[in-house]
Amino acid sequence: MTVVPATPPTPAATAETPAVRAARRRSAEIEARIDKDPSAFRVLTGDRPTGALHLGHYLATLANRVRLQDAGVDVVLVVADYQVITDRDETGDLRGTVREVVLDYLAAGIDPDRTTIFTHSAVAALHQLMLPFLSLVTVAELERNPTVKAEAVDAARRQQRSMSGLLLTYPVHQAADILAMHGNLVPVGADQLPHLETTRTVARRFNQRFTAAQPYFAEPDALLTESVTVLGHDGAKMSTSRGNSLELRSSEDDTAAFFRRARTDSLRHITYEPEERPEVANLLRIGAHLAGTTPEVLAGSIGAAGAGRLKEVVTEAVVEGLRPLRARRRALQADGAGVVGEVLARGAERANRLAAGTLTDVRELMGTVY
Ligand code: TRP
């Protein structure tokens, strides 16, 4: 859920703080309720279309979205095209990038008959909701948002561009995404828990100010997902903007080349020690995830065979694990632009219906229907 290329979370950021422990308990309760009554939930989440999706997206978010969809939860995905211009002037080929992202969703198992996929720019009512929402937060609060703060620090350090107004207000924009659709569940990693706070604050303050007798917006819950941080071949967190990622759409040869370049360390024997051996642990996690085993078991099966063997095993697991996805992607791509356009048109139709309904309610509650 980060809008800027995040620096790898420090161990402190993902430590078991009381807040994380509480969120973990709450998430376990929610998972149990999803089992019983998935229709009570609407998940709202999405991605900034800055490039085709990569292995990090797949392991950290995409597979989980497919799981929730298949469990019967109403999943709504925003392709956040307006977020692309929060921190850059050059958007590149946005049409092309949005197409790649949607193809990645569909190839990964997102089913447009069950899941709504829409682009920000196609849903005007969502952005109108941002205006009253902006009145509910202070500039100081926005500046305390972890993503906004990180970007401000980064911009100052690099003495590059200064922060845009759109970046400062992005937490409220995200609140508009979630509340416009009445999403009540947002999947996040432990290090991203604070991101949802602005949305909860906006919902609470809107209720207090405009509809005290009967709350209108529910405060959405975080659904804590095991944060799998996937590293790129350079040992830093995999991210599109770093250019260190393995794209889901890449070929088997590119996959092998990616893992051949991946960093390991000088110890021969392969063991799973996330703190001491982050690069080896990363490869073990990736391999284990795709082969349906645990990093410990995978490490045990390689042992003295060393890093060369580890890379072969992980390459094999990724090639095999992504084979169906890549086959579906090729088939979809062969269909031309039709599929993507159709999916986005259907998604926009539903998202517009939901957002327009929310906006009508909000205008009534605010007394701005004349
Ligand atoms: N900011 C998210 C990202 O960069 C995408 C996003 C936009 C989002 N709106 C959202 C995620 C609302 C969760 C909820 O990946």
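In this predicted model, the largest nonpolar core has 56 residues. Seven residues have the most contacts inside this core: L55, Y58, V102, Y105, I117, F259 and I286. Domain 1 (11–228 + 336–366) and domain 2 (252–333) both contribute residues, so the core lies between them.

Neighbours within four places in sequence are left aside here. The remaining contacts of F259 are L55, L246, L283, I286, K311, V314, T315 and V318. Two of these partners, L55 and I286, are also listed with F259 for having the most contacts inside the core.

The chain is divided into two domains, 11–228 + 336–366 for domain 1 and 252–333 for domain 2. Taken over C-alpha atoms, the centres of domain 1 and domain 2 are 30 Å apart. Contact between the domains involves 15 residues of domain 1 and twelve residues of domain 2. The size of an interface is often given as the accessible area lost when the parts come together. Here, domain 1 and domain 2 bury about 1,200 Å² between them. Of this area, 66% is on carbon and sulfur atoms. On the domain 1 side, L55, L59 and A107 supply 40% of the area buried against domain 2. No other three residues of domain 1 supply more.

Helix α12 spans residues 278–291 and has 14 residues. From its first C-alpha to its last, α12 reaches 20 Å. This is close to the 20 Å expected at 1.5 Å a residue. The helix is mostly covered, with ten of its 14 residues buried. These are E279, V280, A281, N282, L283, L284, I286, G287, A288 and L290. After α12 comes G292, with a positive phi near 70°.

Helix α4 covers residues 94–108, which makes 15 residues. Its reach from first C-alpha to last is 21 Å, close to the 21 Å expected at 1.5 Å a residue. Like α12, which is mostly covered, α4 is mostly covered, and twelve of its 15 residues are buried. The buried residues of α4 are G96, T97, V98, E100, V101, V102, L103, D104, Y105, L106, A107 and A108. Of these, V102 and Y105 are listed among the residues with the most contacts inside the largest core. A107 is one of the three named for the area that domain 1 buries against domain 2. Both strands and helices cover the buried residues of α4, including β1 (42–47), α2, β2 (74–79), β3, α14 and α15 (338–366). The residue that follows α4 is G109, and its phi is positive, near 115°.

H120 sits in the loop between β3 (116–119) and α5 (124–134). With a relative accessible area of 0%, H120 falls under the 20% cut-off, so it is buried. Its side chain makes a polar contact with the side chain of D177, at 2.7 Å. Leaving aside neighbours within four places in sequence, H120 is in contact with V78, V79, A80, D81, Y82, Q83, L126, H127, H173 and D177.

A125 lies in helix α5. This alanine is buried, with a relative accessible area of 11%. Not counting residues up to four places away in sequence, A125 touches A355, A356 and L359. A125 and T211 are 86 residues apart in sequence, and their C-alpha atoms are 20 Å apart in space.

A222 is found in strand β5 (residues 221–224). Its relative accessibility is 13%, so A222 counts as buried. Residues up to four places away in sequence aside, A222 touches S27, I30, V186, V188, L193 and L196. Q192 is 30 residues from A222 along the chain, and the two C-alpha atoms are separated by 9.5 Å.

H182 is found in the loop between α9 (170–180) and β4 (185–188). The phi of H182 is near 50°, a positive value in a residue other than glycine. H120 is buried, whereas H182 is partly exposed, with a relative accessible area of 31%.

Conventions. Residues numbered from 1 in each chain as written. Predicted model: local features only at pLDDT ≥ 70, side-chain atom pairs only at ≥ 80, totals over all residues. Heavy atoms only, no water. Helix = DSSP H or I, 4+ residues; strand = E, 2+ residues; numbered from the N terminus. Buried < 20%, exposed > 50% of the residue type's maximum accessible area, 1.4 Å probe, protein only. Polar contact = N/O pair within 3.5 Å; in protein donor to acceptor, adjacent residues only side chain to side chain. Contact = heavy atoms within 4.5 Å. Core = buried A, V, L, I, M, F, W, Y, C linked by side-chain atoms within 4.5 Å. Domains from an automatic or database assignment. Expected span 1.5 Å × (residues − 1). Buried area = accessible area lost by both parts, 1.4 Å probe.
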